[in-house]
Amino acid sequence: PYTWAPAAASDGEWSLREPPQVHMVDGKPRVEDSAGRGVKRRKTVEKDPRQLGEPKDKASHFGNGTKRRGVDGRMWQVAMLENLSEVWVPCEDKESRAPPAPEPEPLKEEKPKAKSKSTPESAAASMA
């Protein structure tokens with residue numbers, strides 16, 4: 001069991017091959033301590049980088065400004081980013097768009113009310 005190992009010089013040399021790795025110890029599979037081969041690693045679940053609710057179709061399949069209904073029922077529009085990639089951007093729906101706030105009316109000066117000649121006390125006195 002020899003193997004060829006090229007040396008720094010022009011001539012290579014033959015050397016002994018490393019012994020094979022032991023996969024079984026005393027009739028049981030060998031367990032490695034490190035998280036290397038033979039150890040099951042937990043798979044990480046990556047979140048979908050897309051926004052929630054946008055259409056399932058790729059934005060790059062449509063022209064800039066194209067509107068489509070998303071999976072959330074809202075309207076989405078294709079927009080182009082600075083790096084020339086196309087993405088879905090939510091549109092402002094007519095129903096969701098709030099009407100413009102009315103302009104406040106100018107303050108009016110209140111005129112003092114004229115005092116009535118009869119007061120509650122004088123009315124009670126006249127009835128008695």
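Start by selecting tryptophan 14, which lies in strand 2 (strands are DSSP runs of E, at least two residues, numbered from the N terminus). You're looking at a predicted model, where local features need pLDDT of at least 70, side-chain atom pairs count only at pLDDT 80 or more, and totals for chains, interfaces and linings use all residues. Residue numbers run from 1 along each chain as its sequence is written, and side-chain values use heavy atoms, leaving out hydrogens and water.

Is tryptophan 14 buried or exposed? Its relative accessible area is 58%, so tryptophan 14 is exposed (exposed means over 50%, buried under 20%, partly exposed in between, with a 1.4 Å probe and protein chains only).

Next, jump to strand 5 (residues 67-69) and strand 6 (residues 75-80), an antiparallel pair with three bridges (strands pair if DSSP finds at least two bridges between them). Click arginine 69 and you'll find its bridge partner, methionine 75, in strand 6. Five residues sit between the strands of this hairpin, and glycine 73 takes a positive phi near 95°.

Last stop: strand 7 (residues 86-90), which runs antiparallel to strand 6 and is joined to it by five bridges. Pick alanine 79 to see valine 87 of strand 7 opposite. This hairpin of strand 6 and strand 7 also has five residues between its strands, and in the turn leucine 84 shows a positive phi of about 65°.

Methods. Helix = DSSP H or I, 4+ residues; strand = E, 2+ residues; numbered from the N terminus.
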